[in-house]
Amino acid sequence: MLGGRSVLLGVTGGVAAFKAAYLARRLVESGATVRVIMTRASLEFIGPQTMAAITGSPPYTELFGTETVSPHTELAAWADVIVVAPATAATMARMAGGESDDLLVATILAFTGPVVVAPAMHTEMWEHPATRRNVTVLAADGIHLVGPVPGPLAGGDEGMGRMAEPEAILEAVIAALHGGDLAGWSVVVSAGGTREPVDPVRFLGNRSSGKMGNAIALTAARRGAAVTLVTTAPAPTHPRISVVPVDTAAEMAAAVWEAAAGCDVAVFAAAVADFRPAEPAPTKLRRADGPPEIRLESTPDILAGVAALQPRPFLVGFAAETGGTAAAAGKLTAKGVDVLVANDVTTPGIGFGADSNAVTVFTAGGSEEWPRQSKDAIANRLWDLVVRARSH
Ligand code: CTP
């Protein structure tokens, strides 16, 4: 999610500084290049060597006396996002007051991009009127605050003021970078392959893993949308994703139709069975009874049900094809969708179960080929396209 991004991590002097090491590691694992500024007080809590080993470059600690002529402006020009974790009351006060007498606050003042701050302090300090004032000022300045949360604090105390967990801070960094361009959107995503019972132990299914739908739901949530993910597959967790687990096409239809009324965008990434056994056997079919005749009937067309809504949401359909994607060209109009994403699931390394995909995207304006890339990257590109299309 952070591939190619430059993240500047500011660590200040609180006991939660030890968790900053894990945050640095998660940022690196997410693809970011990470540089670290450590305040003098933070060096009382965690060694610079730890940060150097995790990020691959020694942390910056001084505004003056280094070989770099102007470390604060150079770092500010380098960074795409700054995250301060943990942020002490003192650092937040200096940020709110614009007091740039240390490297971290000087760099923040020289920086024009998004800044994420994860406060950590004792409850009394967090609730003190001075801190309340500073939080208000920082929020008004456009700083993204994440946490604090209630829980155990330093010295055996308990209460509000604990730093948000590194995963939550990572999410806030991702959201800050994307600018929350889907904030206020309500999105429905169908994902996974449906399972149609033959008898109580067997089903007709397909090879869909749900990974593409999951990536679409997660990227939308990370960009600020409220997402309902109707899925047959294990789902990602995110505070803005509400998961509706389903099994059959009929269950998926009921859940999607309920969620889609009034939503802004519906994405149909699920591989839905077109046919199901008309009369599933109530008890297990026995070998001794010989090969059964299984009569099939049609399942509901979930997409068509949403396309008939008045007003209807912006619609994105998917088409899993074999032997090229040409057959999908007519589905844009046949299905009445705004965007149709087609892939050839027989191409090795993409499609069902894979972590990457290569797709042909059809819109009223024509078609584009998106070469092989991660499903996350495809999902983000799809949302970029939807944002552009909806703003016209
Ligand atoms: N879809 C759906 N409900 C169904 C079947 C499909 O919502 N009962 C959606 C899929 O999630 C997908 C789109 O419709 O977004 C196209 O699915 P596809 O199977 O390619 O469409 P079909 O008309 O079934 O095409 P084909 O003739 O290739 O089977």
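Colleague: What kind of model is it, and which pLDDT is needed for local features?
Modeller: This is a predicted model, where side-chain atom pairs count only at pLDDT 80 or more, totals for chains, interfaces and linings use all residues, and local features need pLDDT of at least 70. Residues are numbered from 1 along each chain as its sequence is written, and side-chain values use heavy atoms, with hydrogens and water left out.

Colleague: How many residues surround the ligand?
Modeller: A residue is near a molecule if one of its heavy atoms lies within 4 Å of it. Among the closest are Phe268, Ala270 and Pro300, and the shell splits into eight nonpolar, two polar and four charged residues (Ala, Val, Leu, Ile, Met, Phe, Trp, Tyr, Cys and Pro are nonpolar, Asp, Glu, Lys and Arg charged, the others, Gly among them, polar). The number of residues around the ligand is 14.

Colleague: How much of the ligand's exposed area does the protein bury?
Modeller: Accessible areas come from the Shrake-Rupley method with a 1.4 Å probe. Taken alone, the ligand exposes 590 Å². The buried part of that is 74%.

Colleague: Which element gives the largest share of the shell around the ligand?
Modeller: Helices (H or I, at least four residues) and strands (E, at least two) are DSSP runs, numbered from the N terminus. Helix H11 (302-307), strand E16 (314-321) and helix H12 (331-335) each give two or more residues to the shell. The largest share, three residues, is from E16.

Colleague: Where does the ligand sit?
Modeller: On a 1 Å grid over the protein atoms alone, a pocket is an open set of points with protein on both sides within 12 Å along at least five of seven lines, and lining residues have an atom within 4 Å of a point. A molecule sits in one if more than half of its atoms lie within 2 Å of its grid points. The ligand sits in the largest pocket.

Colleague: How many residues line the largest pocket?
Modeller: About 830 Å³ of space lies in this pocket, a volume being the space filled by probe spheres set on the grid points. Its lining has 18 nonpolar, 14 polar and seven charged residues, and E16 gives the largest share, five residues. The lining count is 39.

Colleague: What is the volume of the second largest pocket?
Modeller: Val15, Ala16 and Ala120 are among the residues nearest the centre of the second largest pocket. Helix H1 (17-29) and strand E7 (158-162) each give two or more residues to its lining. Its volume is about 340 Å³.

Colleague: Which proline does a cis peptide bond join to glycine 147?
Modeller: Most peptide bonds are trans. With omega about 5°, the partner of glycine 147 is proline 148.

Technical notes:
1 Å grid on protein atoms, 1.4 Å probe; cavity = no way out; pocket = protein on both sides within 12 Å on 5 of 7 lines; lining within 4 Å.
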